[in-house]
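Please read the sequence and the model side by side.

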Amino acid sequence: MKIYITGTGIVSGIGNSINETYNALLTEKTGLTQKEYPNLNRSFYTASVSLSNSQLAKSCNCKNEKISRSSLLGLKAAIECWGENQIHPNIKTGIISGTSVGGMDRSEIFYRSHLANEPANFNDLMFHDSGSVIEKVADHLNITDYINTISTACSSSSNAIMHGARLIKAGKLDRVLVGGVDALSEFTISGFKSLMIYNDELITPFDKDRNGLNLGEGAGFLLLESEASIAKTGNKILAEVSGYHNSSDAHHQTATSPTAIGATLALNGAIKNANLKIEDIDYINSHGTGTGNNDLTESVAYTNVFKENIPPFSSTKAYTGHTLAASGAIEAIFCILSLNNNVIFPNLNHKNSIPETNLTPVTTVTKDVNLTHILTNALGFGGNCTALIISKVK
Amino acid sequence: MLVNREELKKQIIEELNLEELTATDIADDALLFGDDGIGLDSIDALELIVLLEKFYGVELTNPEEGKEVFESISTMANYIEKNS
Amino acid sequence: MYYINAISSISHQPTFNNDGFSKHIEPLGENSEIIKPIYKEYINPKVLRRMGNLIRMSVASSSECITKVDADVDAIIVGTGLGCLTDTVKFLTNFIQIEGLIPPTSFIQSTHNTIAGQISLNFKNNGYNTTYTQNTLSFELAIEDAMMCLDEGMDNVLVGGADEFIPFLDEFKKQLDFNNLKLTSAVTFLVLSKHKTTQTIAKISDCQMIFNANDKTDDFGSFLLKNNLEIDEIDTVNYSTPILNRKLNQSFKKGVDISSLAGVYPTNSAFGLHLAVDEIQTGKSKKIIIYNNLSQSKLGLTLIENI
């Protein structure tokens, strides 16, 4: 059974819609800027969505702007993705989202006041629960058949896409919104800083002198449908989810294995799942966070799978920052834009290759490329590795 | 400032939650990292960097230096004495 | 068929390594606490020291299961409503209050998928690994995925439900007026298998989730109909929290309030499942339904049967 993608919606530091995002990608316009974080007593390079909570709420017709920013970002992207679709009694419809910290943006505001013995609103904590973030979106779109949230750190929304595809194949759903959301929070910025992997400068994925990541925020959603569902909705097909696989690295809590076992299994598994051969992969949208460990491991994985014939690859995180749980879906959407416009978006800020593997990513916007099958992978904390293959539908 | 090695061991046991160990279990020159040693890993290395700053006001800004500095209690104590 | 070949819980009841616990189970006392195993018998001390409570409980419980089946599992799937709260609060407190460098351990331990991740690390398991967090239906979503995995060709899947209590929750409860709930921590893990073996204790015949349960009586009725069952064929209904609908309550041959035995936490239906399996294993019952009604608007229904 084929799993088709018939909708996309996105919001990130480089754009508040698919069109804005595409233009930013084409013009190599990064969303990363130095931003002051007074509570943290310093500034960080981050990529924020340009809309405030009240602007997001207004643009989504959401009456209550005092909900988690993650929900608001999710609403924005999901509404764009859903488009003109309607709820229908004969089309089983679900929503699956990934998130890493749910409503932490509100919880940390509460907790700061609470610790200082200042008045704090306990109702703010009602948004903390990760599952509740997507319930706001499900409510708004009237989706009631299936609601799920996956939390596997950076691979969350990739896993959401995979799970949605599996549910359709199992006949449990006909149509499903899949994606992920994560708002920036002081909690996560401080977390990565404490791990000493937050770059004080702009990130340089796959570079010899890479020195850590920069965070971003955003939300990305895709609409997956079966052929039978499309026969009822009449939706236009954008691309196909042709393969997927998830594996666990099982090496260390935060570091990936030097032999890249988890990533290698995921990449090989996805190619096999798609009934493709390694030479069928035309381009890889990498995880490429810019940390010493990730980029080396990922390079080793590519060498394990593709040997000397590594396809063109690039990390787009120098555009959007690392959007954590949303990254898998955001980058899957970039793959769809690549496929349908025959363009590869570059790995910005690259100067010198990693000496251990000597791989060079694509460093400028490259047009008129024949792309049929694109691989995209996400490698999360705890060793969670997911690879997806997005394919062109002619 | 001279570092009290026993005190340092207790601080490490406390901060890294080494539940099974007491100060007498850690020899001054025992390897802290790797399976042959006490068995600390990369997360512990970060915790030790925090410990240096918290208890001794010493900053280790380059985590790469950590390998040498944190080799054993002795090397840690020597580093603190040299830099405080 | 989805066979339960091993199951283990760590809770406020003497459930761990104690088959037949359902025969003597008593409601929880005011000051009950988690009944913990000796963790270092199940987890390497070098690794144990970094694990927060919820992770220790989960790894030990998983260990009991995997030892029982004596086989590798192809997947590890965890459902958790609120994740690792102790470490979340610890890191929140640290980054808000500490002026200088912040210790990273609690940040790493705070992510929801640390549970499934640490289990995979402990058993060097490279299989499929995921974590669901949809508050009160987190465990049922995990069970559903496990069943799908078996349908897709896997042999054995480790599935669990895990949630922890922190004192702050009591303060939260007081402020928002949920005062009559006893909040607790617990984990339940099981190995779901395609194969019936000498280890097999019971089977899961169906697991359904309703996300807009406007009429739970209706939903329950439809579930019975779907499984070709009459209400009087169900020996016991284990419900997550007392059922307000008297008529529905009275229609059960026997109803058991999970919250009185295990307390309230988002995935307490997992305890209900273990209770059911234990009851079936003792030969006391043949068909039990877990009725997860912790949420006003959602309902989880799981049918467990003897083999």
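This is a predicted model: local features need pLDDT of at least 70, side-chain atom pairs count only at pLDDT 80 or more; totals for chains, interfaces and linings use all residues.

Residues are numbered from 1 along each chain as its sequence is written, chains are lettered from A and ligands numbered from 1 in the order in which they are written, and side-chain values use heavy atoms, with hydrogens and water left out.

## The chains

Chain A holds 12 helices and 13 strands. Helices (H or I, at least four residues) and strands (E, at least two) are DSSP runs, numbered from the N terminus. The radius of gyration of chain A is 20 Å, close to the 21 Å of the globule rule for 394 residues, so chain A is as compact as a globular protein of that length. That radius is taken over C-alpha atoms, and the rule is 2.2 Å times the number of residues to the power 0.38.

Chain C has 11 helices and 10 strands. Its radius of gyration is 19 Å, close to the 19 Å that the rule gives for 307 residues, so chain C is as compact as a globular protein of that length.

The table sets out further values for each chain.

| Property | Value |
|---|---|
| C-alpha span of chain A along principal axes | about 60 × 55 × 40 Å |
| C-alpha box of chain C along principal axes | roughly 65 × 45 × 35 Å |
| Accessible surface of chain A | about 13300 Å² |
| Accessible surface of chain C | about 11500 Å² |

These areas come from the Shrake-Rupley method with a 1.4 Å probe; for residues, only the protein chains shown count as cover. Carbon and sulfur atoms own 47% of the surface in chain A and 48% in chain C.

Buried residues make up 67% of chain A and 66% of chain C. Buried means under 20% relative accessible area, exposed over 50%, and partly exposed in between (1.4 Å probe, protein chains only).

Contact means heavy atoms within 4.5 Å. Among contacts in chain A between residues at least 6 apart in sequence, 77% join residues at least 24 apart. For chain C, residues 24 or more positions apart account for 72% of the contacts with a separation of 6 or more.

## Local sites in chain A

Helix α7(A) spans residues 186-194; eight of its nine residues are buried, so this helix is largely enclosed by the rest of the structure. Among the buried ones are F187(A), I189(A) and F192(A). Just after α7(A), M196(A) takes a positive phi of about 60 degrees.

S100(A) sits in the loop between β4 (93-98) and α4 (104-115). S100(A) is buried, at 14% relative accessible area. What does the side chain of S100(A) make a polar contact with? The partner is the side chain of D182(A), at 2.5 Å. A polar contact is a pair of N or O atoms within 3.5 Å; within protein, one must be able to donate a hydrogen and the other to accept it, and residues adjacent in sequence count only if both atoms are side-chain atoms. Beyond four places in sequence, S100(A) is in contact with residues including S151(A), V181(A) and L324(A).

I143(A) lies in the loop between α5 (130-141) and β5 (146-150). I143(A) is buried, at 2% relative accessibility. Residues that I143(A) touches, beyond four places in sequence, include W82(A), I95(A) and L177(A).
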